[in-house]
Amino acid sequence: MILRKLLLVLGVLELLRPKRVVDFWMDLATTGDVETRRWVYTAARLEGIFLILWALTRGRCGSDGEPADESADESDVE
């Protein structure tokens, strides 16, 4: 649950501020001056969208595809 929230925050940051996020990670990963290509920021935005979608849909289904909330499916109760 904490991982999902952290990835949701990271996804929002990547979607709204991809340059700042990419530059932060590039500064950690490299030494010296590195020029990042423009498409990297677009890829970061796409990754942000996928992280947001994953975080928002992750808790809605159980491991077998059934709804996580058992009270939501009352048609099986006799």
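Colleague: Is D23 buried, exposed or partly exposed?

Modeller: This is a predicted model, to start with. In it, D23 counts as partly exposed, because its relative accessibility is 23% and buried would need under 20%.

Colleague: Where does D23 lie?

Modeller: In helix α2, which covers residues 18–29.

Colleague: What does the D23 side chain meet in a salt bridge?

Modeller: The side chain of K19, with 3.0 Å from N to O. Both residues belong to helix α2 and are four residues apart, about one turn of the helix.

Colleague: How many salt bridges does the structure hold?

Modeller: One. The D23 and K19 side chains form a salt bridge, so with a cut-off of 4 Å from nitrogen to carboxyl oxygen, their 3.0 Å qualifies.

Colleague: Leaving aside neighbours within four places in sequence, which residues is D23 in contact with?

Modeller: T36 and Y41.

Colleague: How far apart are D23 and T36?

Modeller: They are 13 residues apart in sequence, and their C-alpha atoms are 8.3 Å apart in space.

Colleague: Switching to α3. Which residues are in it, and what does it reach from first C-alpha to last?

Modeller: Helix α3 runs over residues 38–57, 20 residues in total. It reaches 30 Å from its first C-alpha to its last, which is close to the 28 Å expected at 1.5 Å a residue.

Colleague: Which residues of α3 are buried?

Modeller: Y41, A44, G48, L51, I52 and A55. They sit on the same side of α3, because they cover an arc of only 100° around the axis.

Colleague: And which exposed residues are on the face turned away from that buried side?

Modeller: W39 and F50 are carried there.

Colleague: What covers the buried residues of α3?

Modeller: The cover includes α1, residues 2–16, and α2.

Colleague: Back to α2, then. At roughly what angle do the axes of α2 and α3 cross?

Modeller: They cross at roughly 105° and come within 9 Å. That makes α2 roughly perpendicular to α3, because angles of 65 to 115 degrees count as such.

Colleague: Which residues make the contact?

Modeller: From α2, P18, K19, V22 and D23; from α3, V40, Y41, A44 and R45.

How values were computed. Residues numbered from 1 in each chain as written. Predicted model: local features only at pLDDT ≥ 70, side-chain atom pairs only at ≥ 80, totals over all residues. Heavy atoms only, no water. Helix = DSSP H or I, 4+ residues; strand = E, 2+ residues; numbered from the N terminus. Buried < 20%, exposed > 50% of the residue type's maximum accessible area, 1.4 Å probe, protein only. Contact = heavy atoms within 4.5 Å. Expected span 1.5 Å × (residues − 1). Arc of directions from axis to C-beta. Axes fitted to C-alpha atoms, helices over the stretch in contact; angles between N-to-C directions. Parallel < 35°, antiparallel > 145°, perpendicular 65-115°, else oblique.
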